[in-house]
Amino acid sequence: MLNKLHDRYPGSQLQFKKPDFSFNSDLYWFHHEESGQWLGIPVQEVSADSLMVLKSLFEFHDSSIHLAPAAQAWFQYLFSNGDHPSFAKDVPYRLVQFKMSEGEWIREDMEAAFRGFFEKDITILWNGEVTGVIIEEGKDSLAEEEFLAVSNALESDFFVKTAFYIGIPNKAGIQLHKLFKEEQLLFEQASSLLPAERVLNFEKLFPSLITGHLDVFLKKSLLSRLSLLEEDPELLHTIKVFLQNSSNVSLTAKKLYIHRNTLQYRLDKFTEKTGIQLKDFNSALTVYLACLLIEQT
């Protein structure tokens, strides 16, 4: 019976495992005891009359009660195309998506850990067992380095890896919702393009998106000119870190745990064999894209 209802409601979810009602809080859940099936139907797709009938036929769970009213309003706005929260202030809001590795951690403990890093109150929404979004209000938001510290602390304390995608601040309204939908797609692509990165934003991801969408001719042309980097992984890593750190020799040597002279030797070796001057902006950009392309292939 639930199979037919699943076909009738396009946005519904059908499963045999009992759902965690604290997630997907925009769903009505119905349980068919004989088959063991659970069907989650988006709240906005169920009329009052249909809900009454379904509640009489199946065991009923309203997952929306698990969120506070303010959080529920944000959830409807971001994930269910609802109106922007009426209580939202006339200030920019920044949406920071997160994705965690699976483990034995408890959601409430993780939320408490998140809040400990923020001076202001934040809203935390979960749209999956290991994914969600942090809503920051106004100015004085956490910097990229601070999110990296959060990720390192969570890995140390909970043995869980966490990646963040920092969105563009905007006032609550159509534009913020549109940006969030775009950023969700970008975060998904970042998981495959930059799996080792723990803190991402559009600027950090964009070069990898470019290399990932180059046509075959441009890929071959780029790689043929910088085959040296393919043949020497150590040099590849050195050049990439050097360019990521604004061509700062001291900082790069520190990041790589090598002496400045060792770094300079590798840079000279690259220039000697390729004829490319990394001080030139266009050359540096081209080499950096080559580094990303080689890592993707």
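The radius of gyration here is taken over C-alpha atoms, and the globule rule is 2.2 Å times the number of residues to the power 0.38. A compact globule of 297 residues would come out near 19 Å, but this protein chain has 24 Å. The model is predicted: local features need pLDDT of at least 70, side-chain atom pairs count only at pLDDT 80 or more, and totals for chains, interfaces and linings use all residues. Residues are numbered from 1 along each chain as its sequence is written, and side-chain values use heavy atoms, leaving out hydrogens and water.

**Whole chain**
- The C-alpha trace spans about 80 × 45 × 35 Å along its principal axes.
- The protein chain has 13 helices and 10 strands. These are DSSP runs, numbered from the N terminus: helices are H or I with at least four residues, strands are E with at least two.
- Of the 297 residues, 44% count as buried. Buried means under 20% relative accessible area, with a 1.4 Å probe and protein chains only.
- Take contacts (heavy atoms within 4.5 Å) between residues at least 6 apart in sequence: 63% join residues at least 24 apart.

**Strand β5 and its partners**
- β5 covers residues 92–100, and seven of its nine residues are buried.
- Two strands pair if DSSP finds at least two bridges between them.
- β7 (residues 131–137) runs antiparallel to β5, joined by seven bridges. Lys99 stands opposite Thr131 in β7.
- β8 (residues 162–166) pairs with β5 in the antiparallel sense over five bridges. Phe98 has Phe164 in β8 as its bridge partner.
- β9 (residues 170–171) also pairs antiparallel with β5, over two bridges. Here Pro92 stands opposite Lys171.

Key:
Buried means under 20% relative accessible area, exposed over 50%, partly exposed in between (1.4 Å probe, protein chains only).
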